[in-house]
Amino acid sequence: MVDDTLLSIRGLKIEATSYPPGEPAREVTLVHGVDLTLKRGRVLGLIGESGAGKSTIGLSAMAYGRGGVRLTGGTIRLNGRDIRQAGPQDLRSLRGREVTYVAQSAAAAFNPAKRLMEQVIEASLAHGLMSRPEAEARAISLFRKLGLPNPDGFGNRYPHQVSGGQLQRAMTAMALCPRPDLVIFDEPTTALDVTTQIDVLAAIKEAIRDTHVAALYITHDLAVVAQVSDEIMVLRHGRMVEIGPTAQIIHDPQQDYTRALVSVRSLEHVEKPPAPPVLQVEGITARYRGTHFDVLKRVTVDLPPGQTLAVVGESGSGKSTLARVITGLLPPSAGRITFAGRVLSPDLKGRSRDDLREIQMIYQMADTAMNPRQTVGTLIGRPLEFYFGLRGAERDRRVQELLDEIEMGKGYAQRYPAELSGGQKQRVCIARALAAKPRLIICDEVTSALDPLVADGILKLLLNLQALEKVAYLFITHDLATVKAIADKIAVMYKGEVVRYGQKSDVLAPPFDNYTDLLLSSVPEMEIGWLEQVIAHRKMESAGN
């Protein structure tokens, strides 16, 4: 019997050096003795929260450790040889030839100064696998297979001239062009809208099937990996929790952690009845300075106190622009905004201190929203000083009350952002917004960068705080699962316009317009074969494609 094992990893141990702020350097173990086997032409999904070791294990299949990470134990056999023992020349030969890599952010992985074709065929030419005409023909056939527009001319574009979904597929073409034995897909759809994600996912699955390549598919979304994987390995804290066929992991998980991953989408919120609004957005039209088109077109929505309006749509639909208009960062060219019975100045400079205090914002990327040189106590205490004049012990007492509200308790006020997890950073941003005692908080994709279990915890926290503080949320997202978990009202935006609006129960009830139908059908479900069914029955393409 022929052994069709492509990749065999045994006892893999991976370490790194940690440099905690204000403390001496220390050695940490990232991966603790993990084993895996991958057959030719098969797909193994690696799933788990951030820090589980997914990407670290995936990159070890190229005998590579990113950012000072060291492979310190075990064997990594690719095509029958232990590549951990290979020299630099052998490693250069196998990377980009036998094994290739698709990064999470294609925008950061492509050289903006070179045309796409030059980058897609680069590895094939560098390894002498084919001539330039052969490589270009191979690239064009992959562009066509991956559903990219104008395959013959697509390679002449620069990275900034294509959408995020198209660029992610171009990176898949780059990985497949040298005809590798193994492709490592590292969260290739996580940064995409659900409507774009489904097209990229379908293209990747079809390309894997047609090229008979083996793949490691890394993600934190079990519903996504269920569509492409033959087997799934669940990881946590650098250790394997469970491994098995995809159907078994989804329908009959054996471990508590896997069961938690499977059930994470179960949170639902009973909508509150209609009530007089605290926020009224009436006929807002807006464009950015120096442009000649409207990003928002006659947008009208309202939000009652203590309720949540979810604004949903794909990238470019105008969701975050609406938030900028409401906060006064972008004056509209038409329309008006009324808050708590008073008409707000369209420009931030014309707003009173109470206007500023009562409308707060929580951003998508907590990392960039906090000063890394300030402690948690300083970050939360700043609005207490600015709006209420609190100082010293009084301020510190209120900071601790807010930390208790966000379920972080004692011991965090003196920490710096670098010492916190992603979920903890987002909780600190929530506490900072609450410190101003706002009546409205705008939440701009606050869970999209988080793992499902962490995001679930943040949504539960927001609902609890809303019940406690009676604050209203304008919740910007592209994830319908999040909408069902938190919204009372929904506004669906498409190309700057509100195409569907009302109570959650009405907006989510058929009949649907084509775009709302596309959004609802694009939320991945943990069912094998779901992807093919959705693609077969969809009524329109996303704007990102």
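User: What angle do helix α16 and α18 make, and how far apart are their axes?

Analyst: In this predicted model, helix α16 (residues 376-388) packs against α18 at an angle of about 15°, and the axes lie 8 Å apart.

User: Why is α16 called roughly parallel to α18?

Analyst: Angles under 35 degrees count as roughly parallel. The angle here is about 15°, so α16 is roughly parallel to α18. The crossing of the two helices is right-handed.

User: Which residues of α16 and α18 meet?

Analyst: From α16 come Val376, Leu379, Ile380, Pro383, Leu384 and Phe388; from α18 come Val428, Ala431, Arg432 and Ala435. By class, this contact of α16 with α18 holds 9 nonpolar residues, no polar ones and 1 charged. Arg counts as charged, and Arg432 is among the α18 residues in the contact.

User: Which residues make the contact of α17 with α18, and how do they divide by class?

Analyst: Arg398, Leu402 and Glu405 of α17 make the contact with Ala431, Leu434 and Ala435 of α18. Of these, 4 are nonpolar, none is polar and 2 are charged.

User: How do you know that β2 and β5 stand at the edges of the sheet?

Analyst: The open sheet has 4 strands in the order β2-β1-β4-β5, with antiparallel pairing. β2 (26-39) and β5 (81-82) each have a single partner strand, so one side of each is left without a neighbour in the sheet.

User: What makes β1 and β4 a pair?

Analyst: Two strands pair if there are at least two bridges between them. Strand β1 (residues 5-18) and strand β4 (residues 70-78) are joined by 7 bridges and run antiparallel, which meets the cut-off of at least two. Serine 8 stands opposite arginine 77 in β4.

User: What makes the approach of histidine 127 to arginine 95 a polar contact?

Analyst: The side chain of histidine 127 reaches the backbone oxygen of arginine 95 at 2.9 Å, and the cut-off is within 3.5 Å. Histidine 127 is in the loop between α5 (122-126) and α6 (132-145). Leaving aside residues up to four places away in sequence, histidine 127 touches Arg92, Ser93, Arg95, Gly96 and Arg97.

Technical notes: Residues numbered from 1 in each chain as written. Predicted model: local features only at pLDDT ≥ 70, side-chain atom pairs only at ≥ 80, totals over all residues. Heavy atoms only, no water. Contact = heavy atoms within 4.5 Å. Polar contact = N/O pair within 3.5 Å; in protein donor to acceptor, adjacent residues only side chain to side chain. Axes fitted to C-alpha atoms, helices over the stretch in contact; angles between N-to-C directions. Parallel < 35°, antiparallel > 145°, perpendicular 65-115°, else oblique. Left-handed = near helix turned anticlockwise from the far one by under 90°.
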